[in-house]
Amino acid sequence: MARIEARGLSKRFGGKHAVRDVSFDVEPGRITGFLGPNGSGKSTTMRLMLGLDLGQGETRFDGETYRELADPVRRVGALLDSGAFHPRRSARDHLRMIARGAGLPPSRADEVLNQVGLGAVADRPPKGFSLGMNQRLGLAAALIGRPDTLLLDEPANGMDPQGMRWLRDFLEHYAAEGNTVFVSSHLLADLEAFAEHVVVIGQGRLLADSPLKAFMAAHGVERVRVRTTEPEQLAAAVEDAGGAVPERDGERLTVTGLDVKAVAELAASRRLLVTELVAVSGSLEEAFLNASAASVEYGTDQARIEVTR
Ligand SMILES: Nc1ncnc2c1ncn2[C@@H]1O[C@H](COP(=O)(O)OP(=O)(O)OP(=O)(O)O)[C@@H](O)[C@H]1O
């Protein structure tokens, strides 16, 4: 099963670096999310991986570059731009044309249309499709050669919550069969829901290549939510102990900088009555912002934040 090794990917547009010395691995059997805000270099990186853009660096799929693959359609399925369809050709004919070009039987067109839930609209031209349906058609094209690797650029774009749920289930199932899935999104909450591993990019630089949980633990802010009958006294005690109270709502305080045990001990030592005490982990978005801030703060040499694998 395919393992992707991307090494030293770089690309400039004019004088500006879109992607700078980005290296990471994508392992089979799990969904790897490729995370970064708009304009951070995700699409450019994916195009470099497939040799569609000229730049520096190399990407190997089980040891071979995309151009070296004898039968790329059967090895790597890519969804990079779902908008490129013939205006009048039906979805089925569009896929049959791709199948013919790849030496695959025309029956694959209907198989993949059914696989992505577009069987009922096979005779219609994609011109009238919604963005979410176009994404499904693009995914059908990527799947046509039964590849063991999928590279999907923002496949959830334009999908409604039902479509998102379907995509997540589909990719989870596909990865669980031992396939390799590399999927980008600028919507951090989407990836948080289904990626097991994340490659994180900001301003063209790699910020992390780590399990999602480790990334969150390293860069997320753990908070403690505590309710007490003496909020003023507890807040003062927290601040004395080096913590902070960024939010206050009546008797409920949100504490950062101290863990649950420290807050409990503090309240007990001051004999303050606590009626609720819970640890709340931060969002992926927050972790991303912290990782980006750290990379800017420490400059170029330490832009890559190491997170234990
Ligand atoms: N053809 C191009 N010519 C000039 N600049 C480009 C070109 N393509 C991308 N860029 C620039 O390179 C940077 C990275 O763009 P890229 O599209 O790879 O980001 P992205 O992370 O995929 O963004 P999005 O989430 O919006 O798709 C951006 O600053 C973008 O403006």
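Modeller: Ala6 lies in strand 1 (residues 4–13). Helices (H or I, at least four residues) and strands (E, at least two) are DSSP runs, numbered from the N terminus. The model is predicted: local features need pLDDT of at least 70 and side-chain atom pairs pLDDT 80 or more, while totals for chains, interfaces and linings use all residues. Residue numbers start from 1 along each chain as its sequence is written.

Colleague: Why is Ala6 called buried?

Modeller: A residue is buried if 20 or more other C-beta atoms, placed from the backbone, lie within 10 Å of its own; 12 or fewer make it exposed, and counts in between partly exposed. Ala6 has 22 such atoms within 10 Å and is therefore buried.

Colleague: Which residues does Ala6 contact beyond its neighbours within four places in sequence?

Modeller: They are Val22, Ser23, Phe24, Met49 and Thr59, where contact requires C-beta atoms, placed from the backbone, within 7 Å. The C-alpha atoms of Ala6 and Met49 are separated by 7.0 Å, although the two are 43 residues apart along the chain.

Colleague: Why is helix 3 called oblique to helix 4?

Modeller: Their axes come within 8 Å and cross at roughly 125°. That value makes helix 3 oblique to helix 4: angles under 35 degrees are roughly parallel, over 145 roughly antiparallel, 65 to 115 roughly perpendicular, and the rest oblique. Axes are lines fitted to C-alpha atoms, for helices over the stretch in contact, with angles from 0 to 180 degrees between N-to-C directions.

Colleague: Which residues of helix 3 and helix 4 meet?

Modeller: Ala91, Arg92, Leu95, Arg96 and Ala99 of helix 3 meet Arg108, Ala109, Asp110, Val112 and Leu113 of helix 4. By class, this contact has six nonpolar, no polar and four charged residues. Nonpolar here covers Ala, Val, Leu, Ile, Met, Phe, Trp, Tyr, Cys and Pro; charged covers Asp, Glu, Lys and Arg; the others, Gly among them, are polar.

Colleague: Which helices do the buried residues of helix 3 pack against?

Modeller: They pack against helix 4 (107–115) and helix 5 (131–143). The buried residues of helix 3 (residues 91–101) are Ala91, His94, Leu95, Arg96 and Ala99. Gly103, which follows helix 3, has a positive phi near 70°.

Colleague: How do you know which residues surround the ligand?

Modeller: A residue is near a molecule if its C-beta atom, placed from the backbone, lies within 6 Å of it. The shell consists of Phe13, Ala18, Gly36, Asn38, Gly39, Ser40, Gly41, Lys42, Ser43, Thr44 and His186. By class, two are nonpolar, eight polar and one charged. Helix 1 (residues 42–49) gives the most, with three residues.

Methods: Contact = placed C-beta atoms within 7 Å.
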